[in-house]
Amino acid sequence: MKKITLALVCFLPLFSCVKTDLINDRVDPKMRISNPLLELKKNGEAHQFEVNYFNYVGKEIENPTVSWSSSDPSVLSITESGIAAGVSLGSATVTATLTTTEENLTITDDDVVEVTLNETEDDSVRFEGAITTTSSYQLEGSFVLETLDNGILRLSLGDDYKASTSLPGLYIYLGNNPSSIADAYEIGAVTVFEGAHVYDLPSTIGIYDYSYILYWCKPFGVKVGEGQIQ
Amino acid sequence: MKKIILLSILFVLSCSFFSHAQWLEKKGNGYFKLGAWALEADQHYTNTGKVDPNATRGNFNLNLYGKYGLSDNWNIIAYIPFYVKSYQNHRVSEITNETLLEGEEFSSFGDVDLGIEYRLFKKSKFAFSTTLVLGIPSGDSSGGSDGSYQTGDGEFNQFLKFNAGTPLSLFKHSFYAKTYIGFNNKTKNFSDEFRAGIEVGTGLFGSKLLLLMRSNMVKSLRNGSLNASNNSGSIFANNVEFISIGGEVAWKFTKKIGVSLGYDSAFSGKIIYAAPSYNAGIFYLLK
């Protein structure tokens with residue numbers, strides 16, 4: 001027993017060292033048209049459609065190869081590079097199609113565009129949703145993500161928002177992978193634990209850039225709650 | 001969660017070390033131990049008592065424990081974790097093999113406990129004593145890159161407990177039983193705590209082999225205002241609670257020197273790791 005104990009005293013430090021946790025952070029690849037239109041003026045200025053593509057771990061891939069199509073080219077024409085023009089009055093669906101290089105999956109995103117004589121001014125986009133806990137800690141509330149008139153992207157948490165004050169190191173992120181914050185945007189440490197409050201986000205972030213609001217216990221590397229932006 | 005966890009860990013630890021001395025040491029006698037203690041956990045009890053996952057974290061320390069008889073009625077006690085390490089594993093994607101979160105470790109001196117025990121009285125088979133333990137914030141309460149790798153809680157606490165013990169005879173074999181209840185007065189807006197424990201042990205092979213089982217509990221009085229919302233997002237938390245069960249086996253290979261192996265684990269709790277801890281040590285009996 002003496003030898004066993006001595007061995008334990010000597011070897012406990014060896015086991016008590018930094019090792020590796022393997023995390024399954026796979027998500028379904030996702031592509032979104034990042035500048036969709038509600039309306040396009042007939043014979044007016046053309047519109048260059050663009051996409052954001054997030055691969056199987058939610059990492060954004062720049063300049064993906066996308067093919068574009070219009071459901072009715074006689075209403076809305078679109079080039080191979082995604083430049084659309086209004087041809088005649090009516091409605092058409094623009095479809096972006098991408099085949100992932102990693103898994104050879106075909107994913108699409110659509111945008112229904114009305115071709116009109118005159119474009120309306122108001123093309124603001126607003127996402128509403130709910131934060132729900134993914135842990136045993138209390139975390140709940142509604143949210144709105146919207147672009148304000150001054151161009152600021154604002155995340156607003158509602159009056160019904162509540163978060164446990166027992167959570168240490170609680171941070172809020174915008175991300176595209178609910179299982180990882182490796183490529184997420186860190187909004188900051190949570191300092192409000194009840195009631196309505198807002199986060200104004202930098203102008204470099206677009207409203208279509210992220211799919212999830214993530215609440216993460218940063219020091220312990222674990223997700224506490226999430227809200228899907230859709 | 002962190003500090004919480006660390007604190008609880010250290011308390012469980014100190015409980016186990018403090019339980020080694022069966023009764024007060026006589027004048028000039030002492031019990032000294034060089035020990036190692038380790039815990040690693042990938043889940044924890046939340047504030048609701050449920051178990052949630054976390055990145056694998058670990059704590060390890062090397063410590064000295066001593067109890068010495070100033071007189072037959074007065075003992076001094078010291079627990080000195082002279083090397084405390086807190087660490088977290090790397091988190092790596094099993095899909096891409098990319099590192100999602102770098103692991104980290106931090107080590108320093110830990111929080112020292114200094115105590116004094118006084119024999120209240122001994123009557124018939126029963127012995128009663130009281131112990132005052134001072135928790136010295138000698139560790140680092142903000143270690144590591146994000147301050148979460150604490151090796152101490154940063155607060156000075158005073159733990160006063162009352163101990164009772166008696167020998168027992170069961171199935172023609174001698175046992176002992178000890179129990180304590182105590183109050184831990186904590187500072188810096190931490191909640192005070194009620195603590196209690198019980199220990200049953202026996203000696204075998206002419207008392208060369210000591211076997212014991214113990215259970216400890218901590219109940220927060222929830223009178224401290226410290227929480228994540230008013231602590232600038234610090235990881236330090238409050239209101240740790242647990243009930244643990246554990247055991248220890250010690251072998252004296254001479255009359256003065258022996259070794260011990262121990263195990264403790266919280267089977268219910270709040271804001272504490274949900275994983276067992278292990279300890280091993282070499283002790284010396286001064287007679």
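Colleague: Is Arg126(A) buried, exposed or partly exposed?

Modeller: Bear in mind that this is a predicted model. The relative accessible area of Arg126(A) is 47%. Buried needs under 20% and exposed needs over 50%. Arg126(A) is therefore in between: partly exposed.

Colleague: Which residue does Arg126(A) meet in a salt bridge?

Modeller: The N to O distance in this salt bridge is 3.0 Å. The cut-off is 4 Å. The partner of Arg126(A) is Glu128(A).

Colleague: Arg26(A) and Asp28(A) also meet in a salt bridge. Is Asp28(A) buried or exposed?

Modeller: The N to O distance between these side chains is 3.2 Å. Arg26(A) has a relative accessible area of 31%, so Arg26(A) is partly exposed. Asp28(A) has 59% relative accessibility, and the cut-off is over 50%. Asp28(A) therefore counts as exposed.

Colleague: Glu226(A) forms a salt bridge with Lys223(A). Is Glu226(A) buried or exposed?

Modeller: The closest N and O atoms of Glu226(A) and Lys223(A) are 2.5 Å apart. Glu226(A) has 19% relative accessibility. Buried means under 20%. Glu226(A) therefore counts as buried.

Colleague: Which side chain makes a polar contact with the side chain of Arg154(A)?

Modeller: Arg154(A) lies in strand S13 of chain A, residues 153-157. Arg154(A) is partly exposed, at 25% relative accessible area. Beyond four places away in sequence, Arg154(A) touches residues including Val144(A), Leu148(A) and Tyr199(A). The polar contact, at 2.6 Å, is with the side chain of Asp200(A).

Colleague: How far apart in space are Arg154(A) and Ser91(A)?

Modeller: In sequence, Arg154(A) and Ser91(A) are 63 residues apart. The distance in space runs from C-alpha to C-alpha. That distance is 31 Å.

Colleague: Now the contact between the chains. What area is buried between chain A and chain B?

Modeller: Chain A puts 41 residues into the contact, and chain B puts in 58 residues. Carbon and sulfur atoms give 65% of the buried area. The area itself is about 4,100 Å².

Colleague: Which element gives the most to the side of chain A that touches chain B?

Modeller: Between the chains there are 18 residue pairs in polar contact, with both residues at pLDDT 80 or more. On the chain A side, helix H1 (2-15) and strand S1 (20-23) are the elements that give two or more residues. With nine residues, the element that gives the most is H1(A). By class, that side of chain A has 23 nonpolar, 12 polar and six charged residues. So the element asked for, by its count of residues, is H1(A).

Colleague: Which residue of chain A forms a salt bridge with Glu40(B)?

Modeller: Three salt bridges are counted between chain A and chain B. In the one with Glu40(B), the closest N and O atoms are 2.7 Å apart. The residue from chain A is Lys19(A).

Colleague: Which residue of chain B stands opposite Ile23(A)?

Modeller: S1(A) is joined by four bridges to strand S4 of chain B, residues 90-93. These two strands run parallel. In S4(B), the residue opposite Ile23(A) is Ser93(B).

Colleague: Where does S13(B) go next, and through how many residues does the hairpin join S13(B) to S14(B)?

Modeller: S13(B), residues 241-252, is joined to S12(B), residues 209-220, by 10 antiparallel bridges. 12 bridges join S13(B) to S14(B), residues 257-270, and these strands also run antiparallel. One bridge pairs Lys252(B) with Gly258(B). The hairpin joins S13(B) to S14(B) through four residues.

Colleague: Is Val259(B) buried or exposed?

Modeller: Val259(B) is found in strand S14 of chain B. Val259(B) and Gly35(B) are 224 residues apart in sequence, yet 9.4 Å apart in space, C-alpha to C-alpha. The relative accessible area of Val259(B) is 0%, so Val259(B) is buried.

Colleague: Last one. Which residues are linked with Arg214(B) in a network of salt bridges?

Modeller: Over all chains, the count comes to 18 salt bridges. Arg214(B) has Gly246(B) as its bridge partner in S13(B). In the salt-bridge network, Arg214(B) is linked with Lys33(B), Glu248(B) and Asp264(B).

Methods:
Residues are numbered from 1 along each chain as its sequence is written. Chains are lettered from A and ligands numbered from 1 in the order in which they are written. This is a predicted model: local features need pLDDT of at least 70, side-chain atom pairs count only at pLDDT 80 or more; totals for chains, interfaces and linings use all residues. Side-chain values use heavy atoms; hydrogens and water are left out. Contact means heavy atoms within 4.5 Å. Buried area is the accessible area (1.4 Å probe) that two parts lose on being put together, summed over both. A polar contact is a pair of N or O atoms within 3.5 Å; within protein, one must be able to donate a hydrogen and the other to accept it, and residues adjacent in sequence count only if both atoms are side-chain atoms. Ala, Val, Leu, Ile, Met, Phe, Trp, Tyr, Cys and Pro count as nonpolar, Asp, Glu, Lys and Arg as charged, and the others, Gly among them, as polar. Two strands pair if DSSP finds at least two bridges between them. Buried means under 20% relative accessible area, exposed over 50%, partly exposed in between (1.4 Å probe, protein chains only).
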